[in-house]
Amino acid sequence: MCGIVGFTGSSPAAPVLLDGLERLEYRGYDSAGIAVVSREKGLQIQKCKGRLRTLRQRLEGIPPLEGTVGIGHTRWATHGEPNDVNSHPHVSQSGRVAIVHNGIIENYVEIKEFLLHKGVRFRSDTDSEVIAQLLDYYFTGSEDVLDAVYHVLARLEGAYALGILCTDEPERLIAARKDAPLLLGYGEGESFIASDATAIIAHTRDVAYMEDGEVAVLTPDGISVFDQYRRPVEKAHHFIQWDVSAAEKGGYAHFMFKEIMEQPEALRQTISPRLRNGEVVLDELDLTDEDLRRFQRIYLVACGSSYHVGMLGKYNLERFLRLPVEVCLASEFRYSAPLVDERSLVVVISQSGETLDSMAALREARSQGGYILSIVNVVGSSIARESDSVLYTWAGPEIAVATTKAYSTQLALLTMLGLYMARKLGRIDPAEYAAVTGELTLLPGKLETVLAGTDTYQYLASRYFNRDCVFFIGRNLDYALGLEGSLKLKEISYIHSESYAAGELKHGTISLIEPGTLVVALATYEPLFDKAVSNIVEVKSRGAEVVALTTESHRERMEKIATHTLTIPDTVTPLLPNLGVAPLQLFAYYIALQRGCDIDKPKNLAKSVTVE
Ligand code: M6R
């Protein structure tokens with residue numbers, strides 16, 4: 001959840017760290033801090049509660065931190081409230097060791113008690129401080145700091161990405177990783193660590209991903225990596241393809257709006273290379289036709305919006321493949337003794353590729369013999385690396401906490417996976433296959449037309465921004481789409497919203513409908529359009545105001561019934577949600593804007609949920 005950056009080079013470290021933290025702030029933003037070390041000045045630390053700008057202001061009022069080696073952290077609090085003391089970096093009692101940590105140390109109470117008995121005094125309420133204190137305890141000063149680091153890591157239980165500084169070896173930066181993302185950056189006479197590439201892309205695109213159990217020693221001249229037994233490791237280098245501008249706002253007010261508008265292009269990146277002469281081609285899949293025939297059941301496992309993609313995927317995949325598809329929340333799946341075996345295809349969907357619950361679900365499924373195929377956006381992420389096959393969405397960096405373009409591209413890719421498998425297995429009607437693949441190529445263009453006019457959404461937002469509660473209703477694909485529309489609205493505008501299968505209304509929820517209640521009715525799914533209309537009439541007759549979303553061809557009819565009608569271009573049924581999601585994203589965006597919310601960094605949230 002937190003963001004980590006570290007630097008060692010020949011220029012002052014502080015500006016590099018602050019710039020890196022600015023780009024990582026989406027990972028957590030309740031406090032921030034940096035530590036810089038030099039032989040003359042020792043450790044110099046500045047940290048405080050609040051956004052990075054507060055830290056910057058604080059630094060402007062003091063002499064520059066001196067040193068070319070440093071670590072930085074932007075926090076999403078788990079243990080200990082957000083305040084100055086609980087902010088990272090944490091320093092040992094003697095002032096010799098400073099650390100930044102992302103993850104959770106599960107046995108910190110036990111370690112803390114051990115150190116308290118040894119006379120160590122703690123300053124913070126965090127689990128992370130034990131790492132700095134324990135390191136100092138083990139480091140007698142006579143041997144290599146690395147010895148002490150290995151000693152400490154052997155005692156830690158839980159997850160960590162760590163950046164470590166020690167005044168005894170001020171030219172070195174040490175990093176370690178277990179179950180939390182950390183990458184290494186190789187520059188010209190400078191070396192970096194970072195939670196993700198956005199933090200260092202302005203300096204280098206040459207990166208390597210740390211594996212669990214690895215420890216890295218960074219100097220300006222290079223990086224040495226060791227495994228958990230301290231054997232040297234040769235790291236494979238990766239070149240980051242995207243440009244620094246992809247992770248910048250580029251004139252837009254918010255990353256979320258920029259990313260909504262980038263969806264057509266992101267879809268082109270996802271779809272075009274995988275569609276050749278009307279055939280879906282998934283070169284990345286390491287699966288033979290025989291493997292495909294082996295699968296008796298498909299599990300779609302994910303969290304949050306990625307789970308909503310799975311909800312939609314179930315409808316489409318079952319339609320194409322006539323195989324049972326189960327959609328599972330990763331946080332439940334991992335503890336549910338799932339009935340996975342070697343006949344199971346387990347598709348893990350994750351933008352970040354680092355979501356801890358999804359990762360744990362993946363490992364659970366693997367231990368039961370399932371084949372793991374992941375749909376991931378962040379190249380080289382943990383989920384991608386632990387999967388048997390990966391389909392990358394290639395949406396480019398997504399910075400806003402509320403996902404938009406990653407959702408859209410995941411959805412398109414999952415649909416393509418269904419088409420691919422169904423074609424190989426001979427389960428899909430060739431006419432339907434041709435129709436859907438044909439429409440896939442038109443999808444980005446159609447989405448552009450949906451995104452072309454934003455006035456309607458601004459108008460609707462001005463009218464409904466002060467509601468306390470909004471209901472989303474729909475059937476089939478529209479039900480699954482409503483889940484995403486509702487999540488988008490609540491996470492960025494803080495309006496309570498619920499999404500229901502419209503057929504369920506009469507079983508309880510309709511009691512909440514009263515004059516003036518806002519209902520967003522999704523009615524794009526053609527086969528059940530008439531049923532959707534009936535549900536709209538039912539809520540309207542109880543006084544609800546209805547914003548309806550349907551296709552162009554149903555506009556006229558809907559305009560006679562709903563309070564407001566939004567439309568998307570007609571397309572084949574399986575692709576309707578790919579167009580339908582954009583109005584819901586814009587609706588949520590403009591409502592949050594009207595309410596003055598911090599759209600890119602909603603309260604209590606972080607982009608990448610690497611804790612349980
Ligand atoms: O990186 P992932 O796709 O694994 O993340 C899953 C969820 O945390 C994520 O989709 C979350 O629900 C978003 N904030 C929704 O906008």
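Lysine 506 and glutamate 538 form a salt bridge, with their closest N and O atoms 3.2 Å apart. A salt bridge here is a side-chain nitrogen of Lys or Arg within 4 Å of a carboxyl oxygen of Asp or Glu. Lysine 506 sits in the loop between strand 24 (496-501) and strand 25 (518-523) and glutamate 538 in helix 17 (residues 529-540), so the pair ties together parts that are 32 residues apart in sequence. Helices (H or I, at least four residues) and strands (E, at least two) are DSSP runs, numbered from the N terminus.

This is a predicted model, where local features need pLDDT of at least 70, side-chain atom pairs count only at pLDDT 80 or more, and totals for chains, interfaces and linings use all residues. Residues are numbered from 1 along each chain as its sequence is written, and side-chain values use heavy atoms, leaving out hydrogens and water.

The structure holds 46 salt bridges. One of them joins aspartate 84 and arginine 58 at 3.3 Å, N to O. Another links lysine 488 and glutamate 484 at 2.6 Å, N to O. These two residues are 4 apart in helix 16 (residues 477-493), about one helical turn.

Buried means under 20% relative accessible area, exposed over 50%, and partly exposed in between (1.4 Å probe, protein chains only).

| Residue | Relative accessible area | Class |
|---|---|---|
| Lysine 506 | 52% | exposed |
| Glutamate 538 | 18% | buried |
| Aspartate 84 | 32% | partly exposed |
| Arginine 58 | 35% | partly exposed |
| Lysine 488 | 1% | buried |
| Glutamate 484 | 0% | buried |
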